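Trainee: I am new to this structure and would like to be guided through it. May we look at it together, step by step?

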Amino acid sequence: MIQGKLVAVWQMPDAAAPWLPTEFMLGAYVTRILVAGRSGAVSAALAADPSWTQVWRAPGGREWSCLLGLLQHMPGPLLVVVGPDMALSPRLVESLQGVRGLPAGATVVVLRGAGAPGWVGPAADQLFLPVMSGAGAGAGAG
């Protein structure tokens, strides 16, 4: 179970749809928040899902601060998914790991991929490198 952890998930370079580690997640989250960019294909696919409680599009520093403050008051269990086109700072990674007041048990999934900003700051609690069968599965092998 990844409940209460910060999880990094690397997407395939040609992924047009996101992969979330649902088999390791709770079946139902009361609050589901997506933080995504405005133009990436994976972020657009995520935002099209109507089950999000809130969608934050390309927040800057002030919006992140506001969101982190609001998360403390959201009903749980809480899921926050950060799209692959969102840049993270080391301080923000610490905040998302619960160091600075995320509710206990909040699950944060940060999607990364080719062409996306990399990882900065403290290591994630869990790391997923999914291998999907089909087109592109053998790309980069060797």
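Mentor: Helices and strands here are DSSP runs, a helix needing at least four residues and a strand at least two, and both are numbered from the N terminus. Please keep in mind that this is a predicted model.

Trainee: In what order do the elements of the protein run from the N terminus on?

Mentor: The secondary structure amounts to three helices and six strands. Read from the N terminus, the order of these elements is β-β-α-β-α-β-α-β-β.

Trainee: Which strands are the edge strands of the sheet?

Mentor: The six strands form an open sheet with parallel pairing, in the order β3-β2-β4-β5-β1-β6. An edge strand pairs on one side only, and this holds for β3 (54-57) and β6 (126-128).

Trainee: Which residue in β6 does V9 stand opposite?

Mentor: Strand β1 (residues 6-10) runs parallel to β6, and three bridges join the two. Within β6, the residue opposite V9 is F128.

Trainee: Which residue of β5 stands opposite L6, and which stands opposite V81?

Mentor: β5 pairs in the parallel sense with β1 over five bridges, and with β4, also in the parallel sense, over four bridges. The residue of β5 opposite L6 is V108. For V81, the residue opposite in β5 is V109.

Trainee: What is the relative accessible area of T107, and which residues does it touch?

Mentor: T107 is found in strand β5. A polar atom of its side chain lies 3.2 Å from the backbone nitrogen of G4. T107 is buried, its relative accessible area being 0%. Setting aside residues up to four places away in sequence, T107 touches I2, Q3, G4, K5, Y29, L78, L79 and V80.

Trainee: Which element supplies the largest share of the largest nonpolar core?

Mentor: This core has 20 residues, of which I33, V35, W64, L71, V82 and L96 touch the most other members. At least two residues each come from β2 (31-36), α2 (61-71), β4 (78-82), α3 (90-96) and β5 (107-112). The largest share is four residues, and the element that supplies it is α2.

Trainee: How many residues does the second, separate core have?

Mentor: Its members include M25, L34, V109 and F128. The number of residues in this second core is 17.

Trainee: What percentage of the residues in the protein is buried?

Mentor: The protein exposes about 7,100 Å², and carbon and sulfur atoms supply 57% of this area. Of the 142 residues in the protein, the buried ones make up 38%.

Trainee: Of the contacts between residues at least 6 apart in sequence, what percentage joins residues at least 24 apart?

Mentor: Contact here means heavy atoms within 4.5 Å. Among the contacts in question, the part that joins residues at least 24 apart is 75%.

Key. Residues are numbered from 1 along each chain as its sequence is written. This is a predicted model: local features need pLDDT of at least 70, side-chain atom pairs count only at pLDDT 80 or more; totals for chains, interfaces and linings use all residues. Side-chain values use heavy atoms; hydrogens and water are left out. Buried means under 20% relative accessible area, exposed over 50%, partly exposed in between (1.4 Å probe, protein chains only). Accessible areas come from the Shrake-Rupley method with a 1.4 Å probe; for residues, only the protein chains shown count as cover. A nonpolar core is a set of buried Ala, Val, Leu, Ile, Met, Phe, Trp, Tyr and Cys residues joined through side-chain atoms within 4.5 Å. Two strands pair if DSSP finds at least two bridges between them. A polar contact is a pair of N or O atoms within 3.5 Å; within protein, one must be able to donate a hydrogen and the other to accept it, and residues adjacent in sequence count only if both atoms are side-chain atoms.
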